[in-house]
Amino acid sequence: MQKLLSYGLTPLHYIAFTFFLLLFHPLQWLASRFGYKAHKFVVDVLNACLISTYYLLGNPVSFINHFNLPKNRSIIFIANHQSLYDIPPLIWFLRKYHAKFISKIELTKGIPSISYNLKHGGGANINRKDPRQALTELAKLGTRMKENRWSTVIFPEGTRSKDGVVRDFQSAGVATLLKKCPEALLVPIVIRNSWKMVRFGTFPLGTFLKLEFEVLAMIEPEQSAEILVKHVEALIQKALGQD
């Protein structure tokens, strides 16, 4: 019955999602003429609107944070990755921390609103086939973090988990960011149930799910990146009951 309902609700979600992407593309272009703050405000509102389309599927989103994260210090948010539906909630709920993303360079073309933001939002767009380019872009992002006290969200798995099981975390990205911004705080984020939205593929989408984003305790960068990332991996696995 639930899957049957999803066939009816999924088109509503896609219509609304596409509408907001088309609406906010020219708004981003206009806002960027007034500088970073104006552009970021429009991007934040866009992602709040995108989250609202989850509710058309009966999928509420909760963000759990019991910690007083500093706003005057760069943060590397380290999260497990389950689907592209992870992104809008992270952008919206972490908006106070100016969280940037690391994306595939292919996404910088052809997607209304999203491609524009990837080009002009201050994140890193990497070519996975060119390790040198990827490291250079990450280093530039680390420098921007240090100069502007921005933060970054990184998915060390490198790809989305199709079944919610956490893949091995890689430390190279975090190591590069810490090299340029050594004072950055590490904050794990646990993502639950996002993978279930796409367990049938892009159609139909999963319905009547509770998507959760939970912030775990802050970690000072007092050890090597490899040790830190493996520690975060263990914390996230434990929070998901996968340890």
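Visitor: Which residue in strand 5 is the bridge partner of I78?
Guide: Happy to start there, and please keep in mind that this is a predicted model. Strand 2, residues 75–79, pairs with strand 5 in the parallel sense, over three bridges. Within strand 5, I78 has as its bridge partner I154.

Visitor: And which residue stands opposite T152 in strand 5?
Guide: For this one, turn to strand 3, which spans residues 99–104. Strands 3 and 5 run parallel and are joined by three bridges. The residue opposite T152 is K100.

Visitor: Are the side chains of S151, T152, V153 and I154 buried or exposed?
Guide: In a regular strand, side chains alternate between the two faces of the sheet. Here S151 and V153 point one way from strand 5, while T152 and I154 point the other way. Whichever way they point, all of them are buried.

Visitor: Let's move on to charges. How many salt bridges does the count come to?
Guide: Side chains of opposite charge can pair when their charged atoms come close. The cut-off here is a Lys or Arg side-chain nitrogen within 4 Å of a carboxyl oxygen of Asp or Glu. By that rule, the salt bridges number eight.

Visitor: What separates E137 and K140 along helix 5?
Guide: E137 and K140 form a salt bridge, with their closest N and O atoms 3.6 Å apart. E137 counts as buried because its relative accessible area is 18%, whereas K140, at 43%, is partly exposed. Both sit in helix 5 (residues 131–148), and since they are three residues apart, the separation is about one helical turn.

Visitor: Are K146 and E183 buried, exposed or partly exposed?
Guide: K146 has a relative accessible area of 43%. For E183 the value is 31%. Buried means under 20% and exposed over 50%, so K146 and E183 are both partly exposed.

Visitor: Which residues are joined into one network with R192?
Guide: Start with the salt bridge between the side chains of E212 and R192, at 3.3 Å from N to O. The pair links distant parts of the chain, E212 being in strand 7 (residues 211–215) and R192 in strand 6, 20 residues apart. E212 is buried at 17% relative accessibility, and R192 is buried as well, at 18%. Through salt bridges that share partners, R192 is joined into one network with K210, E212 and E214.

Visitor: Now the surface. What relative accessibility does R167 have?
Guide: R167 lies in the loop between strand 5 (151–154) and helix 6 (172–180). Together with K104, R128, R160 and K162, R167 gathers in a patch of positive charge on the surface. R167 counts as partly exposed because its relative accessibility is 38%.

Visitor: What accessible area do L4, Y7 and F203 have together?
Guide: L4 is found in helix 1, which covers residues 2–32. With a relative accessible area of 60%, L4 is exposed. L4, Y7 and F203 form a nonpolar patch on the surface, and together their accessible area is about 330 Å².

Conventions
Residues are numbered from 1 along each chain as its sequence is written. This is a predicted model: local features need pLDDT of at least 70, side-chain atom pairs count only at pLDDT 80 or more; totals for chains, interfaces and linings use all residues. Side-chain values use heavy atoms; hydrogens and water are left out. Patches are made of residues with over 30% relative accessible area and no salt bridge: like charges are joined within 9 Å, nonpolar side chains (Val, Leu, Ile, Met, Phe, Trp, Tyr) within 5 Å. Accessible areas come from the Shrake-Rupley method with a 1.4 Å probe; for residues, only the protein chains shown count as cover. Lys and Arg count as positive and Asp and Glu as negative; His and the chain ends are not counted. The place of a charge is taken as NZ of Lys, CZ of Arg, CG of Asp or CD of Glu. Helices (H or I, at least four residues) and strands (E, at least two) are DSSP runs, numbered from the N terminus. Buried means under 20% relative accessible area, exposed over 50%, partly exposed in between (1.4 Å probe, protein chains only). Two strands pair if DSSP finds at least two bridges between them.
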